[in-house]
Amino acid sequence: MTVIVKKTTQLIAGMVFMYGIYVIIHGHLTPGGGFAGGVILAGSFILLILAFGSDFVKLMKEETGSTLYENLAILIVLLLALSGLLLGTRIFFMNWMPKGTLGQLVSAGMLPLYNIFVGIEVAASILTIFLALVIFKEEMKE
Amino acid sequence: MEIAIAIIAGLMIIGALYAIHAKDLLSAVIACGIVGYGLVICFLLLKAPDLAIVQIVVETITLIIMVAVVLDSSREEKFSKPDPQGYVSMILSALIIGVLLYFFIISVSSLDEFGKSTLRMSGPYIEGATEKTGSANLVTGVVFDFRGYDTLGEATVLVTAVLGVLTILRIKGKK
């Protein structure tokens, strides 16, 4: 890509990443949440890869890492849901943590935790699909 | 507001029709984008910012991936003349579309009025959600608390999709 695209990406990618984190963490207060924020996070990585086109070996390493994060995050979501069975009133997906005051950042019990881990899972999934497509194209060339 | 939604829906239909008939595949992909972004404006007009955020981000990323795919393969659509079997299936599909349209018109007349639903579940969701979940955003409260199973299913579908993509695309690497 040209210098203009590279420079703009350098300036914007970090802000896109921060905005994704904001959307995920404030998911229980403002519109958005785990799914939307996760896709924005993946978008910042995709922007960087499209602009700079990092090399093949590094991409394969990143794919392994993103698959690991994706599976770990969905496992943690499942464990958090199971924790409702062990603690509190023994219901799957029980919101047993204290709720706090309405509208504060740390409130709503388990919901922010679900948002964060679903966000990690969605971001890693979309990034993995994109990386798999890029690596497939590189492999077809050889 | 309903007039604005009708205008945007009309634009979306024009975009979809152009996407089918465009000679250049790149302009067909961009015309598909009209449908997605028109839907974003419809969601905003219907006061659903959660859906609008998801739709705008997903639409942008799918558009990027589709443009990349079109630029790497051919930009021309390849046509082939239909043989006798093709004509038979064409007539058959036209017949099936006619039958489906007939039942669609019957069922549309018995639907609820636009914006008024007779489902009983939406009332308790809207009234009790803030106290029960402690979440200021009603949508998150419903998605992660009342309908937690649903969300878990969606997340699992995403994991399964990634597993499928990796299985299909990495045959050459595993050899």
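**Exercise 1. Describe how chain A meets chain B.**

Solution. Start with the count: 43 residues of chain A are in contact with 34 residues of chain B. Two residues are in contact if their C-beta atoms, placed from the backbone, lie within 7 Å. This is a predicted model; local features need pLDDT of at least 70, side-chain atom pairs count only at pLDDT 80 or more, and totals for chains, interfaces and linings use all residues. Residues are numbered from 1 along each chain as its sequence is written, while chains are lettered from A and ligands numbered from 1 in the order in which they are written.

Next, find the elements. On the side of chain A that touches chain B, α2 (34-52), α3 (56-86) and α4 (111-141) of chain A each supply at least two residues. Helices are DSSP runs (H or I, at least four residues), and strands are too (E, at least two), numbered from the N terminus. The largest share, 16 residues, comes from α4(A).

Last, sort by class. This side of chain A has 23 nonpolar, 15 polar and 5 charged residues. Ala, Val, Leu, Ile, Met, Phe, Trp, Tyr, Cys and Pro count as nonpolar, Asp, Glu, Lys and Arg as charged, and the others, Gly among them, as polar.

**Exercise 2. Describe the fold of chain A.**

Solution. Count the elements: chain A has 4 helices and 0 strands. Read along the sequence, the pattern is α-α-α-α. Now take the dimensions. The C-alpha trace of chain A spans about 55 × 30 × 15 Å along its principal axes.

**Exercise 3. Locate the largest nonpolar core.**

Solution. Begin with the definition: a nonpolar core is a set of buried Ala, Val, Leu, Ile, Met, Phe, Trp, Tyr and Cys residues joined through C-beta atoms within 7 Å. A residue is buried if 20 or more other C-beta atoms lie within 10 Å of its own, exposed if 12 or fewer, and partly exposed in between. The largest core has 45 residues. Those with the most contacts inside it include Ala36(A), Val77(A) and Ala123(A).

Finally, zoom in on one residue. Ala123(A) touches Gly38(A), Leu41(A) and Ala42(A), not counting residues up to four places away in sequence.

**Exercise 4. Judge the confidence in chain B.**

Solution. Chain B averages 84, and 96% of the residues score at least 70. Within chain B, confidence is highest in helix α4 (residues 84-109), at 91, and lowest in helix α8 (residues 171-174), at a mean of 60. Where pLDDT is low, the predicted coordinates should not be read in detail.

Key: pLDDT = per-residue confidence, 0-100.
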